[in-house]
Amino acid sequence: MSETSMSIEQIWESLLSREPGTVRQTFATLDKQEQAAVLAHLRKMVSEPGWHPEQRVSANAALEALGE
């Protein structure tokens, strides 16, 4: 993980917080490879079956906050 002291759980909690500033700030702490992986996973959460509706809403909010 890049220069962050956050655990993976804390990172995802922040990314799925539905708070645009928190999402962008957390995303900015990740390196380019991690950012690409996060974006791919968020897109899967929004588009693939099996995710809880609230998870889909949170993932979509994160993508919107990141300009996706």
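Residues are numbered from 1 along each chain as its sequence is written, and side-chain values use heavy atoms, with hydrogens and water left out.

**View A. Confidence along the protein chain.** The mean pLDDT (the predictor's confidence in each residue, from 0 to 100) is 93 for the protein chain, and 94% of its residues reach 70 or more. Helices are DSSP runs of H or I with at least four residues, numbered from the N terminus. Where pLDDT is low, the predicted coordinates should not be read in detail.

**View B. Packing of helix α1 against helix α2.** Helix α1 (residues 8–15) and helix α2 (residues 20–28) pack at an angle of about 140°, with their axes 8 Å apart. This angle makes α1 oblique to α2; angles under 35 degrees count as roughly parallel, over 145 as roughly antiparallel, 65 to 115 as roughly perpendicular and the rest as oblique. Axes are lines fitted to C-alpha atoms, for helices over the stretch in contact, and angles run from 0 to 180 degrees between N-to-C directions. Ile11, Ser14 and Leu15 of α1 meet Thr22, Val23, Thr26 and Phe27 of α2, where contact means heavy atoms within 4.5 Å. By class, this contact has four nonpolar, three polar and no charged residues. Here Ala, Val, Leu, Ile, Met, Phe, Trp, Tyr, Cys and Pro count as nonpolar, Asp, Glu, Lys and Arg as charged, and the others, Gly among them, as polar.

View C. Arginine 18 lies in the loop between α1 and α2. Its phi is near 65°, a positive value in a residue other than glycine. Arginine 18 is partly exposed, with a relative accessible area of 38%; buried means under 20% relative accessible area, exposed over 50% and partly exposed in between (1.4 Å probe, protein chains only). Glutamine 10, in helix α1, is also partly exposed, at 40%. The C-alpha atoms of glutamine 10 and valine 23 are separated by 12 Å.

**View D. The largest nonpolar core.** A nonpolar core is a set of buried Ala, Val, Leu, Ile, Met, Phe, Trp, Tyr and Cys residues joined through side-chain atoms within 4.5 Å. Of the 14 residues in the largest one, Leu15, Val23, Phe27, Val38, Leu42 and Leu66 touch the most other members. Two or more residues come from each of α1, α2, α3 (32–47) and α4. Not counting residues up to four places away in sequence, leucine 42 touches Trp12, Leu16, Ala59, Ala62, Leu63 and Leu66.

**View E. Glutamine 35 and valine 46 in helix α3.** Glutamine 35 is buried, with a relative accessible area of 13%. Beyond residues up to four places away in sequence, glutamine 35 touches Phe27, Ala28 and Leu30. Valine 46, also found in helix α3, is partly exposed at 29%. Leaving aside neighbours within four places in sequence, valine 46 is in contact with Arg56, Ala59, Asn60 and Leu63.

Note on methods. Predicted model: local features only at pLDDT ≥ 70, side-chain atom pairs only at ≥ 80, totals over all residues.
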